[in-house]
Amino acid sequence: MADLVAHGAGHDLAATHSPDLKHHFDNMTQQFDAANLGMWVFLATEVLFFGGLFASYTVYRALYLPGFEIGSRLLDVRFGATNTAVLICSSLTMVLAIRAAQTGQRKAQVVLLLLTMILGAAFLGIKFTFEWRNDYLEHLVPGVNFIDRPEWGANAPHVQMFFIFYFIMTSIHALHMIIGIGLLSVLTWMAARGRFTPDYFTPLEVSGLYWHFVDIVWIFLFPLLYLIGGRYGVGGGH
Amino acid sequence: MSSHVVPLKVYIGTFLGLLFFTALTTWVAFIDLGPFNTVVALAIATVKMLLVILFFMHVRSSSGLTRVVVAAGFFWLALLIAFTLSDELTRQWSPIPSSWGPGISQSEPQ
């Protein structure tokens, strides 16, 4: 998208610029790229933030593989797979909301952003009210009510360690989801007021990057927590 | 602005691909592949991540500078995991000197 007006005799012409162009940027493209780059730098720090958890998970899984496999089989893969699909749907509605802004459809933006929030809330609902509740009822919450089972034998402390990883990783991921829903509620408000145009939708785009990043974290948590124990052979926990 | 409107079918195709790989990885977990279950699960997760990054996060059409930042994030993650494992997985290679005293033992992998 070209500037609305070329720079002429200095900034007396500023009034004919896009009103969304901040003074310290040359044009809308530069402004958009700067925001985009800044978000990616933040996401790189987020990669390392979650990376510390993934690295320590890898180490302890290598040390205590049997205990981690027992723990993994105690999780309900149906909830994990459903939640993966829910997040993928929410990523689709997010990109479609941005696309609606690019094509100037205000109502579609609002509807799609609301859908994204509802799907994010559905993910949290499934996680908190089904999964964590079941884990609690099965005495699988370390530090709260964890009870070793005789069939685990010497692996019992390592099963507990798996659940410590499970709860810390999923709760930090859930915290990111809650922050994302907070961002989306602000975006929905802005979109409803017609704040986004085909020229200016930077907040939507960079918040979308954050939302997709949180989706990617779950794309790795799902196999690492739910699948990697192997679901074949011995009867699982359910 | 630099961003162009991506055709709907690109988004829908990415979405269907992600759902397909989710079903595939869940299905494969029920088949005994030995150690390859882990390899396949992580490979599928990586493909899904690339789909999201390239198409949903628009890296396919982003600037070179943005791509360098994205790559740097994952490069540092690789360093983090590689150096951690190079420590953890080689601790058993040499015994603890007996002069360190009898009370010291190595952590044993199960």
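Of the 110 residues in chain B, 20% count as buried, a label for residues with 20 or more other C-beta atoms within 10 Å of their own, where exposed means 12 or fewer, partly exposed lies in between, and C-beta atoms are placed from the backbone. Please keep in mind that this is a predicted model, in which local features need pLDDT of at least 70, side-chain atom pairs count only at pLDDT 80 or more, and totals for chains, interfaces and linings use all residues. Residues are numbered from 1 along each chain as its sequence is written, while chains are lettered from A and ligands numbered from 1 in the order in which they are written.

- Chain B has three helices and zero strands, where helices (H or I, at least four residues) and strands (E, at least two) are DSSP runs numbered from the N terminus.
- Read from the N terminus on, its elements run α-α-α.
- Contact brings together 45 residues of chain B and 48 residues of chain A; two residues are in contact if their C-beta atoms, placed from the backbone, lie within 7 Å.
- On the side of chain B that touches chain A, helix H1 (8-28), helix H2 (36-56) and helix H3 (64-88) of chain B each supply at least two residues.
- H3(B) gives the largest share of that side, with 14 residues.
- By class, that side of chain B divides into 29 nonpolar, 13 polar and three charged residues. Here Ala, Val, Leu, Ile, Met, Phe, Trp, Tyr, Cys and Pro count as nonpolar, Asp, Glu, Lys and Arg as charged, and the others, Gly among them, as polar.

**Helix pairs in chain A**

- Helix H5 (residues 156-192) and helix H6 (residues 202-227) of chain A pack at an angle of about 160 degrees, with their axes 10 Å apart. Axes are lines fitted to C-alpha atoms, for helices over the stretch in contact, and angles run from 0 to 180 degrees between N-to-C directions.
- H5(A) and H6(A) are therefore roughly antiparallel to each other; angles over 145 degrees count as roughly antiparallel, under 35 as roughly parallel, 65 to 115 as roughly perpendicular and the rest as oblique.
- H5(A) passes H6(A) in a left-handed crossing, meaning that the near helix is turned anticlockwise from the far one by less than a right angle, with clockwise being right-handed.
- Residues of H5(A), including A:Tyr166, A:His173 and A:Met190, meet residues of H6(A), among them A:Pro203, A:Trp211 and A:Leu225. This contact has 15 nonpolar, five polar and no charged residues.
- The axes of helix H3 (residues 77-102) and helix H4 (residues 106-137) of chain A come within 8 Å and cross at roughly 165 degrees. That makes H3(A) roughly antiparallel to H4(A).
- The crossing of H3(A) with H4(A) is left-handed too, and their contact has 18 nonpolar, seven polar and two charged residues.

**A residue to look for**

- A:Phe165 is found in helix H5 of chain A.
- With 21 C-beta neighbours inside 10 Å, A:Phe165 counts as buried.
- A:Phe165 and A:Leu53 are 112 residues apart along the chain, and their C-alpha atoms are separated by 8.0 Å.

**Confidence**

- Chain A averages a pLDDT of 90, and 91% of its residues score at least 70; pLDDT is the predictor's confidence in each residue, from 0 to 100.
- Over residues 5-15 of chain A the pLDDT is below 50, and this stretch has four contacts in the model beyond near neighbours in sequence.
- Chain B averages a pLDDT of 88, with 89% of the residues scoring at least 70.
- The predictor gives the complex an ipTM of 0.88 and a pTM of 0.88.
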